[in-house]
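Please brief me on the fold, the packing and the surface of the protein chain shown here.

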Amino acid sequence: MSIKDSAQDYRVATEEFLTLVSQLKPSDLDKSDGEGWNPRQVIHHLADSEAQSYARLRRLLAEPGTIIQGYDEGLWANNPTLGYTTRDVATSIAVFTAVRQASYELLCDLTEAQLENTCTHTESGEYTVRSWLRSYIRHPLDHSEQIRAQLR
């Protein structure tokens with residue numbers, strides 16, 4: 001798959017998630033089937049995760065060969081100060097939107113050779129721009145399905 005096709009897939013995944021969350025009613029945000037995160041928590045997670053992913057992509061492009069730090073998403077989700085169960089989602093949606101757009105713009109300027117830029121991820125080892133792209137095309141799609149499952 002070409003970088004242009006991958007960038008388009010990335011944009012489509014972003015739009016799918018944003019379309020889904022724009023259709024949520026306030027009463028939907030805290031619905032849960034008892035399994036996994038509710039929609040509010042997913043939205044806050046995506047804002048944090050995408051902010052991390054943006055920094056990772058920039059590091060892959062600017063500092064290949066360096067370390068990419070993982071983070072414990074469960075600890076973040078359970079930290080009361082971060083407000084995954086209480087905060088309004090508007091700011092997290094704005095963060096998600098902004099960092100996905102900024103990442104998309106970077107993707108549009110990549111060369112095929114840059115897809116092989118490599119860093120070492122502290123949790124998963126060798127990490128390329130190509131693996132970053134595969135992961136973050138899927139990420140909002142997977143969480144969109146998680147939200148849909150909570151609402152069924």
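The notes below cover fold, sheet, packing and surface.

This is a predicted model, in which local features need pLDDT of at least 70, side-chain atom pairs count only at pLDDT 80 or more, and totals for chains, interfaces and linings use all residues. Residues are numbered from 1 along each chain as its sequence is written, and side-chain values use heavy atoms, with hydrogens and water left out.

**Fold**
- The protein chain has 5 helices and 3 strands, taken as DSSP runs (H or I, at least four residues, for helices; E, at least two, for strands) and numbered from the N terminus.
- Read from the N terminus, the order of elements is α-α-β-α-α-β-β-α.
- The radius of gyration is 16 Å, close to the 15 Å of the globule rule for 152 residues, so the protein chain is as compact as a globular protein of that length; the radius is taken over C-alpha atoms, and the rule is 2.2 Å times the number of residues to the power 0.38.

**Sheet**
- The strands form an open sheet in the order S1-S2-S3 with mixed pairing, where pairing requires at least two DSSP bridges between two strands.
- Strands S1 (67-68) and S3 (125-128) are the edge strands, each pairing on one side only.
- S1 and S2 (residues 118-121) run parallel and are joined by 2 bridges; Ile67 stands opposite Thr120 in S2.

**Packing and surface**
- Buried residues make up 41% of the 152 residues (buried: under 20% relative accessible area, 1.4 Å probe, protein chains only).
- Of contacts (heavy atoms within 4.5 Å) between residues at least 6 apart in sequence, 77% join residues at least 24 apart.

Notes
Buried < 20%, exposed > 50% of the residue type's maximum accessible area, 1.4 Å probe, protein only.
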